[in-house]
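Here are my notes on this one, as promised. Have the model open while you read, and go through the points in order.

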Amino acid sequence: MANLSTIAILNQRKGVGKTTTTLSLGMKLAEQGFRVLLVDLDPQASLSAVCGVSESEKGTLASVFGGSLPGKVGLQDILRDILPEHCCYLAPADLALAQSELGLIFRIGREHVLKAALDTISMEYDVALLDCPPSLGMMTLNALNAADTVLIPVRPELNHLRGICLLGTVIERVKREINPYLSILGVVVTYYNHTLSHHRKAVRAIKAAGLPLLPVGIEESKAVSENGSPDVDPAISVSGDSQAMNHLADYVSKWINRHESKKYGIERKSEIDFDTIDKDKSK
Ligand SMILES: Nc1ncnc2c1ncn2[C@@H]1O[C@H](COP(=O)(O)OP(=O)(O)OP(=O)(O)O)[C@@H](O)[C@H]1O
Ligand SMILES: [Mg+2]
């Protein structure tokens with residue numbers, strides 16, 4: 001049985017830290033011994049660029065996806081080793097992925113292309129992190145169909161909240177129509193600065209809206225509360241803070257292990273009990 005756990009990193013808002021979170025989290029998980037595959041689903045190719053892959057003679061995801069006709073290249077053939085001392089590979093993108101996205105519209109089974117490609121390498125990796133573009137187009141739909149769960153990076157701004165609720169609706173629809181096993185891993189706050197009251201207010205609003213805020217960074221908030229500012233929230237600034245990224249990686253690795261166990265039928269308990277997490281936080 002394949003043991004790949006697939007996580008879509010998604011928010012249709014631009015510049016919320018999706019790519020940064022994908023790369024930092026992927027590298028941390030690889031350091032922990034997971035076999036990691038990063039998938040750049042954005043025609044802007046920011047993830048490929050930060051990994052130092054600007055052009056690839058081996059081909060890019062566009063040659064795997066194809067367009068109105070299937071691609072001729074296998075996913076395995078385009079992968080690039082980006083962290084030689086650990087197992088961390090990249091499926092790079094380029095602008096041609098925008099053409100693929102247009103072509104896919106005319107293709108039968110268009111939302112299954114990524115899932116089929118990932119199935120071909122599912123024995124070689126433990127986790128695939130899908131860096132989605134800032135849109136709800138065909139690449140994102142492919143990601144949601146291929147994913148087991150969704151991680152939502154969000155900026156602590158009140159005007160971003162409506163977008164996350166909309167995303168929740170899209171995820172529910174995908175769940176109903178094409179991927180019944182899709183879950184939400186959680187919302188992770190990026191760019192958080194606890195000294196800014198509008199950031200604290202936004203994080204409170206995320207919780208009040210019932211969104212599953214990840215419990216990473218709790219220790220930091222304790223430290224600050226001891227200094228007498230109880231209003232500080234346990235949210236974190238992911239990419240700017242490697243300790244916070246370690247927390248996130250630990251949290252995600254626990255999820256991966258639980259997910260793998262479930263696949264093998266060893267453990268069949270619920271995945272993450274966000275109610276309990278919320279109660280713990282309010283102590
Ligand atoms: N927590 C953070 N604090 C400060 N700067 C950050 C943080 N996370 C990301 N950045 C910076 O913000 C910019 C946008 O981040 P990133 O590319 O990860 O966002 P994105 O959501 O992938 O954007 P896009 O929607 O365009 O794909 C980058 O220059 C990145 O270095
Ligand atoms: Mg990006």
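1. In helix 9, the buried residues are His 199, Ala 202, Val 203 and Ile 206. "Buried" means that 20 or more other C-beta atoms lie within 10 Å of a residue's own; "exposed" means 12 or fewer, "partly exposed" is in between, and C-beta atoms are placed from the backbone. Helices (H or I, at least four residues) and strands (E, at least two) are DSSP runs, numbered from the N terminus.

2. Those four sit on the same side of helix 9, because they cover an arc of only 100° around the axis (the arc of the directions from the helix axis to the C-beta atoms). Turned away from that buried side are the exposed Ser 197, His 198 and Ala 208.

3. What covers the buried residues of helix 9? Helix 8 (161–177) and strand 7 (183–189) are among the elements that do. After helix 9 comes Gly 210, with a positive phi near 80°.

4. A caution: this is a predicted model, where local features need pLDDT of at least 70, side-chain atom pairs count only at pLDDT 80 or more, and totals for chains, interfaces and linings use all residues. Residues are numbered from 1 along each chain as its sequence is written, while chains are lettered from A and ligands numbered from 1 in the order in which they are written.

5. Zooming out, the chain has twelve helices and seven strands. Of its 283 residues, 45% count as buried.

Methods:
Contact = placed C-beta atoms within 7 Å.
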